[in-house]
Amino acid sequence: MLRHPIHFLALGFGSGLAPKAPGTFGTLAAIPLVWLMQCLSLTGYVVVTLVAAILGFWICQYTAKALGVHDHPAIVWDEIVGYMVAMIALPFTWYNVLLAFVLFRLFDILKPGPIGWCDRKLTGGAGIMVDDVLAGVASTIVLHLGHAALNLG
C-alpha cells in the first residue's frame with residue numbers, strides 16, 4: 001500500500017503501520033513536517049494546513065475504502081493534520097512541540113464534548129478527519145491561553 005501515493009499519505013508515510021499505538025506514531029511523524037513548515041509565514045502555514053485538512057477528507061476516505069474499514073487504525077493522516085493545527089502560530093520550541101503532542105493525544109484519545117460527538121456521528125472522510133482537527137483546535141487554544149497567561153504574570 002505504501003507504493004500508492006494516496007495510501008502513503010493516509011498511512012502517515014508508513015508510521016500508521018506501527019503494530020501498537022499507530023495514532024501516536026502518526027502524530028510523531030507530523031513533527032518533522034511541522035518543523036519544515038516553520039520557514040512559512042503564518043498565512044502560508046495556515047494555508048498548507050487547510051489544504052492538508054481538505055485533501056485529508058478524500059485521502060482518508062480513499063484509503064479506508066481500499067482497506068474496507070472505516071477509520072482503520074493505520075490511517076493517521078488525520079493525526080498529522082491535527083498536530084499541524086495544534087502547532088498553529090506557536091514557535092517550534094521543545095516545550096511547544098511536547099505540550100502540543102501531549103495535549104493533542106489527550107484530546108484525540110479522550111474525545112471530550114464535540115470531538116467525541118463528531119467521532120461517533122460523522123461518516124466517511126469527515127468522520128475520520130473532523131475529530132482530529134477539533135482535537136488540534138482544542139490543543140492550540142489551550143496552548144495559546146497558557147502562553148497568554150504566562151505573559152500576563
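**View 1. Ala-21 sits in the loop between α1 and α2**. Helices (H or I, at least four residues) and strands (E, at least two) are DSSP runs, numbered from the N terminus. The model is predicted: local features need pLDDT of at least 70, side-chain atom pairs count only at pLDDT 80 or more, and totals for chains, interfaces and linings use all residues. Residues are numbered from 1 along each chain as its sequence is written, and side-chain values use heavy atoms, with hydrogens and water left out. Ala-21 is not a glycine, yet its phi is positive, about 50°. Most residues other than glycine have a negative phi. Ala-21 is partly exposed, at 43% relative accessible area. Here buried means under 20% relative accessible area, exposed over 50%, and partly exposed in between (1.4 Å probe, protein chains only).

**View 2. Asp-71 lies in the loop between α3 and α4**. Asp-71 also has a positive phi, near 55°, in a residue other than glycine. Its relative accessible area is 25%, so Asp-71 counts as partly exposed.

View 3. From the N terminus on, the order is α-α-α-α-α-α-α. The radius of gyration is 15 Å, close to the 15 Å that the globule rule gives for 153 residues, so the chain is as compact as a globular protein of that length. That radius is taken over C-alpha atoms; the rule is 2.2 Å times the number of residues to the power 0.38. The C-alpha trace spans about 50 × 35 × 30 Å along its principal axes. Of the 153 residues, 44% count as buried. Contact means heavy atoms within 4.5 Å. Among contacts with a separation of 6 or more, 71% come from residues 24 or more positions apart.

**View 4. The largest nonpolar core has 36 residues**. Such a core is a set of buried Ala, Val, Leu, Ile, Met, Phe, Trp, Tyr and Cys residues joined through side-chain atoms within 4.5 Å. Those with the most contacts inside it are Ile-75, Trp-77, Val-81, Tyr-83, Met-84 and Met-87. Two or more residues come from each of α1 (5-10), α2 (22-36), α3 (42-67), α4 (77-86), α5 (94-110) and α7 (124-152). α4 gives the largest share, seven residues. Leaving aside neighbours within four places in sequence, Val-81 touches Thr-49, Ala-52, Ala-53, Met-129 and Val-133.

**View 5. Helix α2 has 15 residues**. From first C-alpha to last, α2 reaches 22 Å, close to the 21 Å expected at 1.5 Å a residue. The expected span is 1.5 Å times one less than the number of residues. Buried in α2 are Pro-22, Gly-23, Gly-26, Thr-27, Ala-29, Ala-30, Ile-31 and Val-34. Their cover includes α3, α4 and α5.

**View 6. Phe-25 is in helix α2**. At 41% relative accessibility, Phe-25 counts as partly exposed. Beyond neighbours within four places in sequence, Phe-25 is in contact with Ser-15, Ala-18 and Lys-20. Phe-25 and Ile-80 are 55 residues apart in sequence and 9.6 Å apart in space, C-alpha to C-alpha.

**View 7. Helix α6 (residues 113-121) has buried residues Ile-115, Gly-116 and Cys-118**. They cover an arc of only 160° around the axis, which puts them on the same side of α6. The arc is that of the directions from the helix axis to the C-beta atoms. Exposed Gly-113, Pro-114, Arg-120 and Lys-121 lie on the face turned away from the buried side.
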